[in-house]
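My notes follow the order of looking.

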Amino acid sequence: MNNKTRILLVDDEPLLLESLNLILSMEKDFKVVGTASDGVQALELLKKHKADIALVDLRMVGMGGLQLISEIRRLYKIMKILVLTTFYDEKSIVTAILNGADGYILKDAGRSAIVNAVRSAAKGQSTLDMKVMAALSAYVGKTKKTESVEKE
């Protein structure tokens, strides 16, 4: 099949990169085109290998995920970006989405959730982990309360 979804993996944990590479490469409709341990390395790989989706961790040594998301969005407008991280605080979630992330999933979501999130992103759908949705809902609730108080 030539219509495989091409994926770039970006994380500073070598074992996780290796595991993700193995998991995603086992799927008939996916092709991992490269792995990078930081944003600078990821951007260099993207100059050589076309990717449909970047699976990006947020906190990495060197160029972190938030800056990488902004750079990918600026340089490769149609590429899908999925955050895969352990952090689901309101600031990280909101900043990632505002910077251009198409989805946000947690590393503890499990194999099938990660595979499904990549498939959803490939179809142009956004994916948010349940814990992420709860944090985002709490943030929106706080924001609405603040706006209501300011209007009074």
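**Core**

I began with valine 10, which touches Leu17, Ala36, Asp38, Ala42, Leu55, Val56, Asp57, Met60 and Leu68, leaving out residues up to four places away in sequence. Contact here means heavy atoms within 4.5 Å. This is a predicted model, where local features need pLDDT of at least 70, side-chain atom pairs count only at pLDDT 80 or more, and totals for chains, interfaces and linings use all residues. Residues are numbered from 1 along each chain as its sequence is written, and side-chain values use heavy atoms, with hydrogens and water left out.

Next I looked up the largest nonpolar core. A nonpolar core is a set of buried Ala, Val, Leu, Ile, Met, Phe, Trp, Tyr and Cys residues joined through side-chain atoms within 4.5 Å. Buried means under 20% relative accessible area, exposed over 50%, and partly exposed in between (1.4 Å probe, protein chains only). The largest core has 27 residues, and Val10, Leu68, Ile72 and Tyr104 touch the most other members. Helix H2 (residues 39-48) gives the largest share of this core, four residues. A second, separate core holds 17 residues, including Ile7, Leu9, Val115 and Ala117. I noted the general point too: in soluble globular proteins, nonpolar side chains tend to be buried together.

**Helix pairs**

Helices (H or I, at least four residues) and strands (E, at least two) are DSSP runs, numbered from the N terminus. Axes are lines fitted to C-alpha atoms, for helices over the stretch in contact, and angles run from 0 to 180 degrees between N-to-C directions. Angles under 35 degrees count as roughly parallel, over 145 as roughly antiparallel, 65 to 115 as roughly perpendicular and the rest as oblique.

I took H2 and H3 first. They pack at about 20 degrees, with axes 10 Å apart. That makes H2 roughly parallel to H3. The crossing of H2 and H3 is right-handed. A crossing is right-handed if the near helix is turned clockwise from the far one by less than a right angle, and left-handed if anticlockwise. Gly39, Ala42, Leu43 and Leu46 of H2 meet Leu68, Glu71, Ile72 and Leu75 of H3. By class, the contact of H2 with H3 has six nonpolar, one polar and one charged residues. Ala, Val, Leu, Ile, Met, Phe, Trp, Tyr, Cys and Pro count as nonpolar, Asp, Glu, Lys and Arg as charged, and the others, Gly among them, as polar.

I then checked helix H3 (residues 65-75) against helix H4 (residues 90-99). Their angle is about 15 degrees and their axes are 8 Å apart. That makes H3 roughly parallel to H4. H3 and H4 cross right-handed. Leu66, Ile69, Ser70 and Arg73 of H3 make the contact with Ser92, Thr95, Ala96 and Asn99 of H4. I read three nonpolar, four polar and one charged residues in the contact of H3 with H4.

How do H1 and H5 lie to each other? The axes of helix H1 (residues 14-25) and helix H5 (residues 111-122) come within 11 Å and cross at roughly 65 degrees. H1 and H5 are therefore roughly perpendicular. H1 passes H5 in a right-handed crossing. Leu20, Ile23 and Leu24 of H1 meet Arg111, Ile114, Val115 and Val118 of H5. The contact of H1 with H5 has six nonpolar, no polar and one charged residues.

**Single residues**

Isoleucine 23 lies in H1. Isoleucine 23 is partly exposed at 24% relative accessibility. Outside four places in sequence, isoleucine 23 is in contact with Arg111 and Val115. Isoleucine 23 and isoleucine 114 are 91 residues apart in sequence and 9.4 Å apart in space, C-alpha to C-alpha.

Is threonine 5 buried or exposed? Threonine 5 counts as buried, at 12% relative accessibility. I placed threonine 5 in strand E1 (residues 5-10). Not counting residues up to four places away, threonine 5 touches Asp29, Phe30, Lys31, Asp52, Ile53 and Ala122.

Alanine 122 is in helix H5. Alanine 122 is partly exposed, with a relative accessible area of 41%. Beyond four places in sequence, alanine 122 is in contact with Thr5 and Ile53.

Last, I looked up isoleucine 78, in the loop between H3 and strand E4 (80-85). Isoleucine 78 is exposed, with a relative accessible area of 77%.
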